[in-house]
Amino acid sequence: MAATNNTAVKTLTGTAIPVRGNDIDTDQIIPARYMKVVTFEGLGQYAFRDVRFAEDGSPKPHPFNEEKYHGASILLVNRNFGCGSSREHAPQALNKAGINAVVGESFAEIFAGNCTAMGIPAIVLSSEDTLQIMDAVEADPTIEITIDLPTTTLTAGSHRYSFTLPPAYLNSLIAGTWDSTSVLLDNLNQIHETAGRLPYVNGFAKGA
Amino acid sequence: MAKNLFNKVWDLHKVTTLESGQDQLFIGLHMVHEVTSPQAFQMIRERGLTVLYPGRTFATVDHIVPTADQQRPFTDPLAEEMMQAIEKNTAEFGIEFFGLHTDYQGIVHIIGPELGITQPGMTIACGDSHTSTHGAFGAIAFGIGTSQIRDVLATQCMAISRPKVRKINVTGALAEGVYAKDIILKIIADLGVNGGIGYAYEYNGDTIHNLSMEGRMTICNMSIEGGARVGYVNPDEKTVEYLRGRQYAPSGEAFDEAVEFWNSIASGPDAEYDDVFELDATRLEPMVTWGINPGQAIGVSAATPALSALKPEHREVAEKAYAHMDFQEGDPIKGKKINVAFLGSCTNARISDLREAARIIKGKKVHSSVKAFVVPGSKQVAKQAEAEGLPAIYSEAGFQWRGAGCSMCLAMNPDKLQGREICASSSNRNFIGRQGSPTGRTLLMSPAMVAAAAVSGEVVDVREFTREPVTV
């Protein structure tokens, strides 16, 4: 079997950082000009770059600039987070900035898929629960948060919440098969069989 | 009940169901560009893997290429490094590469169709969210991230859960001056930027089938702006005629066999859907965005909405939009001054777009306060435009005529807004900072509306604009 990144993701514990707002797109998470790179290393410094810093480099009010959230590993967001561009650079930048899990009301589909493919759970809570946790973390950023995937529960201080995650994402994180290359390659014979029954692979002479 | 196109194509390409519950889906066509692929090739290398079906992957360069001076090495060393990486990666793994040295370079979603590589009934993946464009041919086409590019390179497959299918039925004749772009902006405004999450969109109805293939590509292109990862149109006679004779399409008897297959995968009249949305196209007018996401769009004769008139969940983003745009609630969108006019992008830089905008500007001059430029979607589009004399029309009007690339749609190249500039743009995203200036502003609209705005120096209603046919 080929080498993979796979390890089971079952329980994550850490402090959290809330970034409020609906429809936060991947251009905000990492502006395109920082994607002129051939590796993902070093992207952490560009997470939320343009909402964190003015063009002259001076800091703007943003949770990622606040000392009290340093060391946070769980990102709290609202609705339709990660919409827009399919760039995996967005979750890569967040991850390089220390984020191991994203918790919110809803996620754009490609963003959630990219997170899962990196072993980062993108878990969904109700609007009410999300706002309650954000309020609690803003009041006390040291609150310890635990995300337990097998029981789909999130614990914030003394409060427990039930979250959802698409079953396939949940299963692959718990089983440690979120890096799907080797899982897919295990079915090599069936891949070739499928290709063989596609009329455009097996038939249709190519054009000039 | 019968299966729709989406489910027919999915079932045909399904390799197996994985333990996670996802399906393993064979990808018939993989398109690659320079920005999202280098890390995937590197992962393949590090794991000692190879590309399983190199003949089913095609590559080009579009995001970082300069459009003014395309001489190598590029002035920007980071862009040059990315260019060299894709040259090396495609050569090493035996992938056909349409680089700047070929006649076929261009925006990845424009060259696939124009070369006949994109065909009905295929599954298509590309590390770019606008991959949905290829759905105009009756393919199911997914935008993917870099880890999934690695999967497709190494296994020609993706692990993915089957979405639901929503039929978007658009009926009635479009008024003069109303285009495919206006239809999709209206759909996104009505269903919301997250309305399509979990769905593939099937665009159907007489309005859609009366559109050219290029108009259908514009519609499918912006599916992702409505939250839908996939959008498609059932193949019909126009699809077949578009593909006939293209370089990578089947030829001779094979073409007839292909047409039989293409017809067989279309949704029949009794096809089943998870949801249906109806849109009456007869009442559409040219659409313009006023905010910071593509759902914040209104008809050109309308005024920007009062916060109190919006659904509560839309107010916060609307407030942010008014602050960023420096617009007030109730402002007419018509008359908003612009500084830049951009005609380009995978949404609207095909030949019909450039012809239509040229019709509007012919014999007129770009307003003195506007910087205007036109970026053909591919070298083939540019060549066709040259054959029709379009560059001269643009140049005489004061537009800069550029080389093919993504340009100011996402500003990963020298084409960028400066400061607070406000741009009338034929592209697909008006996100804050999208066009290269963190404080810059974008108004999305059809190419004809961009042309009219370029000449007027402000947003105008193209229907009130004097139009003269271009002699071609």
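Reply: Axes here are lines fitted to C-alpha atoms, for helices over the stretch in contact, and angles run from 0 to 180 degrees between N-to-C directions. Two packed helices are described by the angle between their axes and the distance between the axes. The model is a predicted one. In chain B, helix α1 (residues 5–13) packs with helix α10 (residues 253–265) at an angle of about 120 degrees, and their axes are 8 Å apart. That angle makes α1(B) oblique to α10(B), because angles of 65 to 115 degrees count as roughly perpendicular and those over 145 as roughly antiparallel. On the α1(B) side, the contact is made by Leu5(B), Lys8(B), Val9(B) and Leu12(B); on the α10(B) side, Phe261(B), Ser264(B) and Ile265(B) take part. By class, the residues of this contact comprise five nonpolar, one polar and one charged.

A pair of aromatic rings is described by the distance of the centres and the angle of the planes. Over all chains, the count comes to 22 aromatic pairs. One of them joins Trp10(B) and Phe142(B), with 6.4 Å from centre to centre and 75 degrees between the planes, an edge-to-face arrangement. Trp10(B) belongs to helix α1 of chain B and Phe142(B) to strand β7 (residues 140–143) of chain B, so that the pair links distant parts of the chain, 132 residues apart. Trp10(B) counts as buried because its relative accessibility is 0%, and Phe142(B) is likewise buried, with a relative accessible area of 1%.

Another edge-to-face pair is that of Phe26(B) and Tyr53(B), so classed because the ring centres are 5.5 Å apart and the planes stand at 90 degrees. Phe26(B) lies in strand β2 (residues 23–26) of chain B, while Tyr53(B) lies in the loop between α2 (38–46) and β4 (57–60) of chain B, so the pair ties together parts that are 27 residues apart in sequence. Both Phe26(B) and Tyr53(B) are buried.

Further along chain B, helix α15 (residues 447–456) is mostly covered, with nine of its 10 residues buried. Among the buried residues of α15(B) are Pro447(B), Met449(B), Val450(B) and Val455(B). The elements that cover them include the strands β13 (287–289), β15 (340–343), β16 (371–374), β17 (399–401) and β18 (422–425), together with helix α12 (351–361), of chain B. Just after α15(B), Gly457(B) adopts a positive phi of about 80 degrees.

In helix α8 (residues 188–196) of chain A, the buried residues are Ile191(A), Thr194(A) and Ala195(A). Seen down the axis of α8(A), these fall within an arc of 100 degrees, so they line one face of the helix. On the other side of α8(A), Asn189(A) and Glu193(A) are exposed.

Helix α6 (residues 167–175) of chain A contains Ile174(A), which is partly exposed, with a relative accessible area of 23%. Ile174(A) and Leu149(A) are 25 residues apart in sequence, yet 7.0 Å apart in space, C-alpha to C-alpha. With neighbours within four places in sequence left aside, Ile174(A) is in contact with Leu149(A) and Pro150(A), and also with Ala8(A), Val9(A) and Lys10(A).

Note on methods: Residues numbered from 1 in each chain as written. Chains lettered and ligands numbered in written order. Predicted model: local features only at pLDDT ≥ 70, side-chain atom pairs only at ≥ 80, totals over all residues. Heavy atoms only, no water. Buried < 20%, exposed > 50% of the residue type's maximum accessible area, 1.4 Å probe, protein only. Helix = DSSP H or I, 4+ residues; strand = E, 2+ residues; numbered from the N terminus. Arc of directions from axis to C-beta. Parallel < 35°, antiparallel > 145°, perpendicular 65-115°, else oblique. Contact = heavy atoms within 4.5 Å. Nonpolar A, V, L, I, M, F, W, Y, C, P; charged D, E, K, R; others polar. Phe/Tyr/Trp six-rings, centres within 6.5 Å; stacked < 30°, edge-to-face > 60°.
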